Protein chains: 2
Amino acid sequence: MEKKVETNLCPFTTTIGLIGGRWKSIILYLLSDHTRRFGEISARMPSISRKVLTEQLKELEADGLIRREQFKEIPPRVEYSLTPLGQSLKPILNDLAAWGQEMVLDK
Amino acid sequence: MEKKVETNLCPFTTTIGLIGGRWKSIILYLLSDHTRRFGEISARMPSISRKVLTEQLKELEADGLIRREQFKEIPPRVEYSLTPLGQSLKPILNDLAAWGQEMVLDK
DNA sequence: AGTAACTGTTACCTTTTGGTAACAATGAAA
DNA sequence: TTTCATTGTTACCAAAAGGTAACAGTTACT
């Protein structure tokens with residue numbers, strides 16, 4: 001439960017801590033062009049459970065990479081989008097996707 | 001134990017599968033300039049156990065990102081280096097490190 | 001004979017991560 | 001009054017990941 005924000009000197013440990021894991025980079029990528037609702041993200045990532053998606057979104061928000069906006073409506077509507085810090089990752093996310101794309105094609 | 005090489009259509013799943021996890025990007029970064037021995041890598045990453053380091057190196061080798069060269073000497077000497085595929089990741093690794101470095105400094 | 005050097009492997013245990021299913025909240029629509 | 005829609009939370013369980021400690025193998029050095 002105690003997820004200490006690593007004041008680690010290693011820049012990789014820092015980066016991996018923020019955007020590592022199986023899901024975060026995909027989530028960030030999904031948000032890189034659009035503000036999206038919870039249900040949209042979930043629908044585009046069928047292999048992640050809602051529970052874990054909620055957790056990942058909370059961590060990304062706590063780390064300042066995404067913004068969560070909740071509208072006082074019934075049924076609820078919640079929109080997620082990238083913060084400026086999150087935006088600063090876009091080039092890296094694109095490179096990661098491009099590299100993976102090459103891997104897929106060259107197979 | 002069955003680590004199937006994902007023929008997944010999602011480029012992120014592919015990339016994360018290959019270089020994700022807490023350790024792999026750091027290992028690749030350590031090897032990006034130098035061929036290094038097992039003991040060297042271990043010494044530079046004190047927080048990873050030898051067991052897990054061995055596992056990660058095996059996976060990286062199996063995925064074609066690093067090369068393992070074993071010399072028939074006593075005591076044993078084993079050297080690890082990047083393959084061309086691994087080399088192709090260097091720009092991304094540098095970007096990840098640079099991004100993390102900014103995070104550390106801006107704190 | 002005993003020990004150090006180096007790169008692992010193996011057995012066993014703990015911690016972390018993730019899944020499923022049930023529940024919650026609430027207004028609108030049927 | 002019942003159901004639907006949406007975004008979660010919670011309790012509980014299973015799987016994955018990682019740690020520690022002991023052992024292996026071989027030559028040279030003391």
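View 1. Setting aside neighbours within four places in sequence, Leu18(A) is in contact (heavy atoms within 4.5 Å) with Lys24(A), Leu60(A), Asp63(A), Leu65(A), Trp99(B) and Met103(B). Leu18(A) sits in helix H1 of chain A, residues 11–19. Helices here are DSSP runs of H or I with at least four residues, strands are runs of E with at least two, and both are numbered from the N terminus. With a relative accessible area of 9%, Leu18(A) is buried; buried means under 20%, exposed over 50% and partly exposed in between, using a 1.4 Å probe and protein chains only. Leu65(A), one of those contacts, is 47 residues away from Leu18(A) in sequence, but their C-alpha atoms are 8.5 Å apart in space.

A word on the model behind these views: it is predicted, so local features need pLDDT of at least 70 and side-chain atom pairs count only at pLDDT 80 or more, while totals for chains, interfaces and linings use all residues. Residues are numbered from 1 along each chain as its sequence is written, chains are lettered from A and ligands numbered from 1 in the order in which they are written, and side-chain values use heavy atoms, with hydrogens and water left out.

**View 2. Helix H6 of chain A crosses helix H1 of chain B.** Axes are lines fitted to C-alpha atoms, for helices over the stretch in contact, and angles run from 0 to 180 degrees between N-to-C directions. On the H6(A) side you'll find Leu93(A), Leu96(A), Ala97(A), Trp99(A), Gly100(A), Gln101(A), Met103(A) and Val104(A). They meet Pro11(B), Phe12(B), Thr14(B), Thr15(B), Leu18(B) and Ile19(B) from H1(B). Sorted by type, these residues come out as 10 nonpolar, four polar and no charged. Nonpolar takes in Ala, Val, Leu, Ile, Met, Phe, Trp, Tyr, Cys and Pro, charged takes in Asp, Glu, Lys and Arg, and the others, Gly among them, are polar.

**View 3. The whole contact between chain A and chain B.** Each chain brings 31 residues to the contact. Together the chains bury about 2,700 Å², with 78% of it on carbon and sulfur atoms. Buried area is the accessible area (1.4 Å probe) that two parts lose on being put together, summed over both. Within chain B, Phe12(B), Leu96(B) and Trp99(B) lose the most area to chain A, together 29% of what that side buries.

**View 4. The chain A sheet with helix H2 across it.** Three strands make an open, antiparallel sheet in the order S1-S3-S2. S1 (36–37) and S2 (66–71) are at the edges with a single partner strand each, so one side of each has no neighbour in the sheet. Two strands pair if DSSP finds at least two bridges between them. S2(A) and S3(A), the latter residues 77–82, run antiparallel and are joined by six bridges; Arg68(A) has Tyr80(A) as its bridge partner in S3(A). H2(A) lies across S1, S2 and S3, at about 95° to S3(A). Seven of the eight residues of H2(A), residues 24–31, are buried, so this helix is largely enclosed by the rest of the structure. Among the buried ones are Lys24(A) and Ser25(A).

**View 5. Strand S3 of chain B and its partners.** Chain B has an open sheet of three strands too, in the order S1-S3-S2 with antiparallel pairing. Two bridges join S1(B), residues 36–37, to S3(B), and six join S2(B), residues 66–71, to S3(B). Tyr80(B) is the bridge partner of Arg36(B) and also stands opposite Arg68(B). Elsewhere, Arg67(B) is partnered by Ser81(B), and Glu69(B) stands opposite Glu79(B). Five of the six residues of S3(B), residues 77–82, are buried, so the strand is largely enclosed by the rest of the structure.

View 6. S2(B) and S3(B) form a hairpin with five residues between them.
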